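Subject: Structure handover

Hi,

Here is the structure for your files. My notes follow below it.

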Amino acid sequence: MEDEHIIRIKLNEKEITLVGTAHISKESALEVERIIEQEKPENVCVELCQARYDAISQHQGWQEMDIIQLIRGKRASLLLAQWIVAAYQRKIAQKLGIRPGEEMIRAINKAREVGASVILADRSIRVSMLRTWRMMSFWGKARLMTEIIASALFNENISEEDIEKLKKQDVLDLAIASLQKSLPTVKSTLIDERDRWLAHTIGNAPGNRIVAVVGAGHLAGVAQNLGKDLDCEAINVIPPASVWSRVASWTFPALIVGLILAGFLYAGDKAGISMVLWWSAITASASALGAILMLAHPATILASALAAPFTTLHPFLAAGWVAGITEATLRKPQVKDFMNLRDDIISLRGFFRNKITRILIIVAVVNITTSLGTFAAIPMMMRFF
């Protein structure tokens with residue numbers, strides 16, 4: 001009797017074998033090799049995009065990453081979130097004695113061994129994560145990040161029961177299953193849309209004999225969508241920020257400027273100047289505090305403080321970016337930081353020790369403390385009316 005995680009589908013002239021795996025299961029890795037050896041397919045589709053393939057295959061792209069350009073491109077938070085999820089996967093995989101994504105690497109190697117072409121069948125992880133983020137509410141984002149950080153960095157004890165579950169299902173799928181009732185957008189964008197994308201790519205792969213290796217959580221969805229007319233362009237677009245967030249990003253600075261101008265007009269020059277000074281002092285202090293908490297370079301602390309009163313009044317600037325770029329310039333990551341990154345991200349201590357992740361955390365923490373400072377400054381300014 002064949003494994004329940006293997007589905008064979010006849011689609012026109014194509015014979016497609018779907019193999020559902022757990023991304024940290026040794027048994028899955030061995031099964032993938034066996035199926036590919038047995039089927040001798042013309043093409044092997046794997047549930048990877050180019051970025052995820054580069055990450056698990058340890059390509060040298062990590063060492064060529066420009067951290068300053070990454071911060072300027074507003075991708076620091078996205079990359080930090082990816083690494084936090086990767087940290088959880090790697091932590092569990094160590095307990096099982098296997099690399100995360102081992103079954104995908106073995107599928108690729110075995111495909112080449114039998115002369116099959118390899119197709120990276122998944123949607124870009126950047127698109128998946130940004131679609132999820134843009135379509136979530138503020139509270140949904142806060143809850144998701146709290147869950148991810150708590151699971152990845154603080155859950156050191158993983159039970160045998162958890163490990164047994166993870167042998168049957170991918171860690172990300174399990175996390176999403178626990179959140180899907182309260183955060184349906186997460187399942188929609190990270191599971192359902194990718195089911196359709198994977199099905200489209202697999203169904204349109206060249207050749208008549210295809211093996212597709214996907215996470216166990218995608219197996220049923222991909223099988224159901226194979227052969228359907230799917231509009232994949234619509235789910236490959238990063239939606240713009242919501243109208244509310246765009247309006248809010250301009251409205252809040254305008255209100256602060258209006259409040260200061262009102263102080264000059266109705267309470268006098270002395271009151272207006274005092275309001276400007278209080279605004280500057282509180283936002284600068286809050287920004288500097290974030291850098292201090294992260295033991296940033298003294299120049300980074302100073303740059304954060306000087307930037308905060310201005311960046312808080314501009315929707316396209318952030319004190320955290322200034323802090324991150326300054327820290328990266330003064331304490332530039334070395335080759336060893338890139339080489340140690342995979343091991344460092346599995347512990348809270350490693351996250352703070354590695355210069356790369358430390359810089360990204362500085363960006364996030366300074367942005368958070370600066371935001372808190374802006375709210376703290378408002379009641380202080382209102383006293384002058």
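Which side chain meets that of R194 in a salt bridge? D122 does, at 2.7 Å from N to O. (A salt bridge here is a side-chain nitrogen of Lys or Arg within 4 Å of a carboxyl oxygen of Asp or Glu.) R194 lies in helix α10 (residues 184-203) and D122 in the loop between β4 (117-120) and α6 (125-134), so the pair ties together parts 72 residues apart in sequence. Both residues are buried (under 20% relative accessible area; exposed is over 50%, partly exposed in between; 1.4 Å probe, protein chains only).

Before you read on: this is a predicted model, where local features need pLDDT of at least 70, side-chain atom pairs count only at pLDDT 80 or more, and totals for chains, interfaces and linings use all residues. Residues are numbered from 1 along each chain as its sequence is written, and side-chain values use heavy atoms, with hydrogens and water left out.

The structure holds 18 salt bridges in total. Another one joins R331 to E327, with the closest N and O atoms 3.0 Å apart. R331 is partly exposed at 30%. E327 is buried at 2%.

Now the strands. (Helices, H or I, of at least four residues and strands, E, of at least two are DSSP runs, numbered from the N terminus; two strands pair if DSSP finds at least two bridges between them.) β1 (residues 6-11) pairs with β2 in the antiparallel sense, over six bridges. β2 covers residues 14-21, and seven of its eight residues are buried. Seven bridges also join β2 to β5 (residues 209-215), in parallel.

K10 has E15 in β2 as its bridge partner. Both also belong to a salt-bridge network with R8, E39 and R209.

Best wishes
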